[in-house]
Amino acid sequence: MIDELHAVDVALIRDATIRPAAGLTVLTGETGAGKTALLGALKLLVGERAEASMVREGARELMVEGRVFLPGGDPDGCIVRRRVGADGRGRVEVDGGMASVRELSATVGSTVDLCGQHEHQRLLSVVTHVDLLDAFAGERAATALAAYREALARAHEAADELDRVRELSRTANEQLDEAQYVLGRIDAVSLREGEYEELEETLPRAEHAEALILASEEARAALSGGDSDAPSAYDLISQAADALHGAGSYDPALERSATALESLLVEVEDASATLRRYRDSVDFDQGALEAMQTRMSQLQGLLRAYGPRIDDVLARRERAAEVVSAAGDEGLLLREAQREVDAAESALARTAGELDEVRRAAAPSLERAITAQMERLSMGSASIEVQIDPLPREQWGSAGPSHVELMYRPGAGLTARPLRKIASGGEVSRVMLAAKVVLGESDAVETLVFDEVDAGVGGSTAVALADVLADLARTHQVIVVTHLAQVAVAAECHYVVEKHEEGGVPETRLVEVTGEDRVREIARMLSGDTGEASLAHAREMLGA
């Protein structure tokens with residue numbers, strides 16, 4: 001829902017703001033006052049294409065911003081801002097962050113329908129007709145469609161697997177020799193999981209065992225003494241501690257140092273014992289070393305050929321095993337894959353039939369409901385038909401197994417034609433209006449903007465149109481550009497679009513009218529003047 005729209009330097013608009021009601025809002029004004037500019041600003045807000053010509057003459061850029069409440073979105077709404085420069089370059093911001101026009105169209109645009117003679121309407125897009133039928137059918141259609149889509153996904157997966165197995169079988173003989181060689185080479189090594197990592201850790205110790213033994217023994221001897229007569233670290237620290245003890249009686253500081261050195265002696269003993277155990281643990285076995293080096297060479301050979309990781313080697317082995325299996329199973333894999341496809345296609349055909357059944361059952365009721373609303377709008381004997389044509393299996397998509405299209409019959413006895421080929425924008429808008437009233441709250445679109453919905457309408461039809469718009473406003477936010485007083489008096493919120501000139505420069509202004517100002521505008525719409533008779537009639541219509 002659009003909570004507020006602010007437009008700056010859009011066509012003839014210098015600065016204008018509109019705060020539509022949650023229900024019905026009308027825009028009125030003299031022909032040429034600039035209602036088109038306001039609709040242009042709204043188009044920019046919902047992600048339609050921008051042109052540099054929309055920028056007000058003399059301005060550097062136009063700016064349109066608004067607060068929009070999206071289904072399931074932030075309860076405080078989101079702020080959309082769009083700028084278009086006089087050079088045609090534009091920027092989009094949503095809640096202060098950069099966004100694309102496509103993102104704007106997919107979010108805000110998906111909740112707003114622009115219903116006018118020259119708009120790209122959802123109703124004229126055939127792909128939306130099936131959504132309209134499903135929305136009318138309700139939960140049954142939603143359940144059937146979900147089951148169909150799940151079955152369609154499984155059928156695609158099964159078909160992809162069959163293609164893969166066929167390709168594998170086709171190339172199996174060509175690749176068999178190589179696959180057998182790869183499989184034999186990898187299996188000959190008898191690769192064990194985690195073995196390579198173990199060798200990486202243990203082999204350097206085995207290769208440098210003599211150096212490790214020598215280094216640990218030299219360090220141990222330096223700490224605790226060895227075969228030489230040279231004093232060890234233990235001896236020297238012990239001598240230092242004894243010397244300090246002798247003088248410690250004269251200065252407590254020296255006594256504390258002596259105590260610290262004695263603690264260090266304990267650490268020296270521990271380190272010496274650790275080095276002794278390490279020296280004893282290092283086992284120099286030339287035979288075992290050569291065996292490890294040979295094993296590492298084998299593993300590195302596999303890595304060079306099929307790596308760079310052991311996981312890659314194992315994956316290459318699995319592919320080779322598949323090729324060998326495919327060549328030797330006499331078509332078993334192919335038969336199994338085909339059975340999966342047949343089962344998936346059978347399930348898909350069943351769900352497709354169930355979906356079509358739900359739609360065909362709902363179609364007559366939808367036809368009657370929309371046609372009844374069209375009768376309210378004085379569209380004579382015009383009617384809507386829902387045409388459901390089965391599609392070839394290869395054309396089945398996520399929307400279903402059949403082509404669904406709304407057909408328009410201008411009158412009894414005339415041929416029904418695709419709705420998209422109707423020439424009259426007024427007729428299309430009224431059909432859209434009728435469909436939206438029928439869908440009510442099940443319609444995903446929250447805001448409807450009607451332009452020229454009252455084209456060629458007058459008298460009792462105008463009253464009926466106002467009633468239908470009021471009905472629609474119970475479930476949608478409705479914004480209507482109208483020339484009919486009957487429609488205007490039904491609105492919760494009424495804006496007048498006016499054109500002024502300052503210094504010879506035309507400017508479009510937007511003024512919300514209430515009270516006597518609204519009475520005068522209704523009077524103008526009724527008779528073109530604000531005489532006492534017109535004002536009295538306007539007050540009567542407004543119930544004022």
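# A guided tour of the model

Start by selecting His476, which lies in the loop between α13 (459-472) and β13 (477-481). This is a predicted model, in which local features need pLDDT of at least 70 and side-chain atom pairs count only at pLDDT 80 or more, while totals for chains, interfaces and linings use all residues. Residues are numbered from 1 along each chain as its sequence is written, and side-chain values use heavy atoms, with hydrogens and water left out. Helices (H or I, at least four residues) and strands (E, at least two) are DSSP runs, numbered from the N terminus.

**Stop 1: His476**

Is His476 buried or exposed? His476 counts as buried because its relative accessibility is 3%. Buried means under 20% relative accessible area, exposed means over 50%, and partly exposed is in between (1.4 Å probe, protein chains only). Now show the contacts of His476, where contact means heavy atoms within 4.5 Å. Leaving aside neighbours within four places in sequence, His476 is in contact with Ala22, Gly23, Lys436, Gly440, Asp443, Val445, Glu446 and Leu448. For a distance to check, take the C-alpha atoms of His476 and Ala444: they are 9.8 Å apart in space and 32 residues apart in sequence.

**Stop 2: the nonpolar cores**

Next select Leu433 and Phe450, the residues with the most contacts inside the largest nonpolar core, which has 57 residues. Its largest share, nine residues, comes from helix α12 (residues 425-439). A nonpolar core is a set of buried Ala, Val, Leu, Ile, Met, Phe, Trp, Tyr and Cys residues joined through side-chain atoms within 4.5 Å. In soluble globular proteins, nonpolar side chains tend to be buried together.

Which residues does Leu433 contact, leaving aside its neighbours within four places in sequence? They are Leu377, Phe450, Val453, Leu465, Val468, Leu469 and Leu472. Apart from this core lies another, of 38 residues; to find it, select Ala21, Leu39, Cys78 and Val112, which are among its members.

**Stop 3**

Select helix α3 (residues 129-137), whose buried residues are His129, Val130, Leu132, Leu133 and Asp134. Just after α3, Gly138 takes a positive phi of about 80°.

Two packed helices are described by the angle between their axes and the distance between the axes. Axes are lines fitted to C-alpha atoms, for helices over the stretch in contact, and angles run from 0 to 180 degrees between N-to-C directions. The axes of α3 and α11 cross at roughly 90° and come within 9 Å. That angle makes α3 roughly perpendicular to α11, a label for angles of 65 to 115 degrees.

**Stop 4: helices α15 and α16**

Move to helix α15 (residues 515-527) and helix α16 (residues 532-542), which pack with their axes 8 Å apart at an angle of about 110°. That makes α15 roughly perpendicular to α16. Residues of α15 in this contact include Arg518, Ile522 and Leu526, and those of α16 include Leu535, Ala538 and Leu542. By class, the contact of α15 with α16 has eight nonpolar, three polar and four charged residues.

**Stop 5: Arg295**

Select Arg295 in helix α9 (residues 286-306). Arg295 counts as buried because its relative accessibility is 16%. Not counting residues up to four places away in sequence, Arg295 touches Val189, Ser190, Leu191, Arg192, Glu195 and Leu199. Then draw a line from the C-alpha atom of Arg295 to that of Thr514: the two are separated by 93 Å and lie 219 residues apart along the chain.

**Stop 6: backbone exceptions**

Most residues other than glycine have a negative phi, and most peptide bonds are trans. Select Pro308, in the loop between α9 and α10 (310-328). The peptide bond from Gly307 to Pro308 is cis, with omega near 25°.

Where is Ala11? Look in the loop between β1 (2-10) and β2 (13-18). Ala11 is not a glycine, yet has a positive phi of about 55°. Its relative accessible area is 30%, so Ala11 is partly exposed.

End at Asp95, in the loop between β6 (90-94) and β7 (97-99). Asp95 is another residue other than glycine with a positive phi, near 50°.

Note on methods: Parallel < 35°, antiparallel > 145°, perpendicular 65-115°, else oblique. Nonpolar A, V, L, I, M, F, W, Y, C, P; charged D, E, K, R; others polar.
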